[in-house]
Number of protein chains: 2
Amino acid sequence: MPPKRQHKADAKAAAHPHAKPRPLTRIQREKQDLILEAALDVFSMHGFRGSTIDQIAEVAGMSKPNLLYYFPRKEEIHRRLMSALLDTWLAPLKEMDATGDPFPEIRSYIRRKLEMARDFPRESRLFANEMLQGAPRIIEMLEVDLRNLVDEKAQILLGWMDQGKLAHTDPYHLIFSIWATTQHYADFDVQVRAVLGKDRGGEGRFEDAARYLEQLFLFGLTPRSTAPRKS
Amino acid sequence: MPPKRQHKADAKAAAHPHAKPRPLTRIQREKQDLILEAALDVFSMHGFRGSTIDQIAEVAGMSKPNLLYYFPRKEEIHRRLMSALLDTWLAPLKEMDATGDPFPEIRSYIRRKLEMARDFPRESRLFANEMLQGAPRIIEMLEVDLRNLVDEKAQILLGWMDQGKLAHTDPYHLIFSIWATTQHYADFDVQVRAVLGKDRGGEGRFEDAARYLEQLFLFGLTPRSTAPRKS
DNA sequence: AAAAATTTTGACCAGTTGGAAAAATGTTAG
DNA sequence: CTAACATTTTTCCAACTGGTCAAAATTTTT
């Protein structure tokens, strides 16, 4: 039997699962990063089905077969992006600390999320695209990891509420509303820009958003001088 | 010259632009609705590029050429959906009335938007998909119609603020935050369900959301009994 | 019931898609 | 230098894509 052609970099490792996988070469790391970067561009705009390997390859500046040498299937690229993404995405929430006070904690959570919308809009859109499609590739992670994390943080919020440090309300929907309002600035960026126009739609929009959201979440819309209305 | 075959229902009308277009037959109306309904299913999940005519035809229960008899191109279907959508979508905001009081107006705006997220989730996702892709097909409408409408309503909000009926804040971001928080329940439905789990994730989630959002927007997160924190 | 118009179907097409195979070209350790 | 390996290119393919076309089936009008 002639030795099988070695089409993938880790073919040897795969043949013998317990063999130490040879470390990636410099070129492998560089090219994989290049591909993932390009794929993020494409997937985040068109979703999984709407994106083609050719498009990704073109953005990455290489031929399609060459790209397929590093990632043998399209799904593989997407999977890699998604699993890297989830960690990044949940990190800000993980930082919310029970020993802190609610308002500083919530405020800095909002800030971090808003910074992510500003600095990593493609990641946000990639995530949104996956959600819109029913999250077929990450649903289990949502139901386990995400759910556990949110449960845990909801307990913290409830604790603060019981201590009278925070208005008593639904902690889950509180978290949802922070996700929604912050990610909006990445996912619906076109709309935000269209509405704000050229002058107000510059980079300053993130500071305006931060100021507004802080006020909304920390002080609410009720005018401070007026007693809350009934009904 | 032999008379051209009449492949499209309105070919005659098109030949003579000022001729009164013959009204659609019953079958034409029914089938077009059937197709648009199916297309909404498909486009809202996969976006324009990720959807195929075959898929739509299958959901609509007809053959691809038959579908193409009613809508000669894929874009046409999408265009029809989008233009019908924008009207529906902006209707709730249009209702916000300067002569009313801010809190009832804002509260019922939130309610209407939340009802739309509950009753028309596919429309919401179709819209979200278009946004994620940079809104190539509706950008002008956003920059003109949407922008004018929001400008107008922002003026109303500013008026209320000047009268001391509403906390002084950024009216544009206020509107954004209402859009974001309500549409979240349609666009990120999978995530919401995954986090809330089977028991809390039923239809009741919309009522919980309504209650929470009302509280957030009307009273804010600051505990009523405590003076607002400094810094 | 015939004629006219509308609707549906089946066969087809050119371009695109994800991917395979193999040959050609670099790169590196001994 | 050269053998072993890593990378890239060329060629190819079967399935799918949006869309056409003529004929057949059906419905509507006269």
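Two residues are in contact when heavy atoms of theirs lie within 4.5 Å. This criterion applies throughout the following report on a predicted model.

Ser51(B) occupies the loop that joins helix 2 (26-50) to helix 3 (53-60) in chain B. Beyond its neighbours within four places in sequence, Ser51(B) is in contact with Val42(B), Phe43(B), His46(B) and Lys74(B). The relative accessibility of Ser51(B) is 1%, so this residue counts as buried. A polar atom of the Ser51(B) side chain lies 2.6 Å from the backbone oxygen of Gly47(B).

Chain A contains eleven helices and zero strands. Read from the N terminus, its elements follow the order α-α-α-α-α-α-α-α-α-α-α. The chain has 231 residues, of which 50% count as buried. Among contacts in chain A with a separation of 6 or more, 66% come from residues 24 or more positions apart. The accessible surface of chain A amounts to about 11700 Å², and carbon and sulfur atoms contribute 53% of that surface.

**Helix 6 of chain A**

Helix 6 of chain A comprises residues 102-119, which is 18 residues. From its first C-alpha to its last it reaches 25 Å, close to the 26 Å expected at 1.5 Å a residue. Its buried residues are Pro102(A), Phe103(A), Glu105(A), Ile106(A), Tyr109(A), Ile110(A), Lys113(A), Leu114(A), Met116(A) and Ala117(A). These residues cover an arc of only 165° around the axis and therefore lie on the same side of helix 6 of chain A. In general, an α-helix has 3.6 residues a turn, so residues three or four places apart point the same way. The cover over the buried residues of helix 6 of chain A includes helix 5 (74-94), helix 7, helix 8, helix 9 (171-187) and helix 11 (204-218) of chain A.

**Ala135 in chains A and B**

Most residues other than glycine have a negative phi. Ala135(A) has a positive phi although it is not a glycine, and the description of Ala135(B) likewise gives a positive phi for a residue that is not a glycine. The values are set out below.

| Residue | Phi | Relative accessible area |
|---|---|---|
| Ala135(A) | about 50° | 0% |
| Ala135(B) | about 55° | 0% |

Ala135(A) is placed in the loop between helix 7 (121-132) and helix 8 (139-162) of chain A. In chain B, Ala135(B) lies in the loop between helix 7 (121-132) and helix 8 (139-162). Ala135(A) is buried, and Ala135(B) also counts as buried.

Notes
Residues are numbered from 1 along each chain as its sequence is written. Chains are lettered from A and ligands numbered from 1 in the order in which they are written. This is a predicted model: local features need pLDDT of at least 70, side-chain atom pairs count only at pLDDT 80 or more; totals for chains, interfaces and linings use all residues. Side-chain values use heavy atoms; hydrogens and water are left out. Helices (H or I, at least four residues) and strands (E, at least two) are DSSP runs, numbered from the N terminus. Buried means under 20% relative accessible area, exposed over 50%, partly exposed in between (1.4 Å probe, protein chains only). Accessible areas come from the Shrake-Rupley method with a 1.4 Å probe; for residues, only the protein chains shown count as cover. A polar contact is a pair of N or O atoms within 3.5 Å; within protein, one must be able to donate a hydrogen and the other to accept it, and residues adjacent in sequence count only if both atoms are side-chain atoms. The expected span of a helix is 1.5 Å times one less than its number of residues. The arc is that of the directions from the helix axis to the C-beta atoms.
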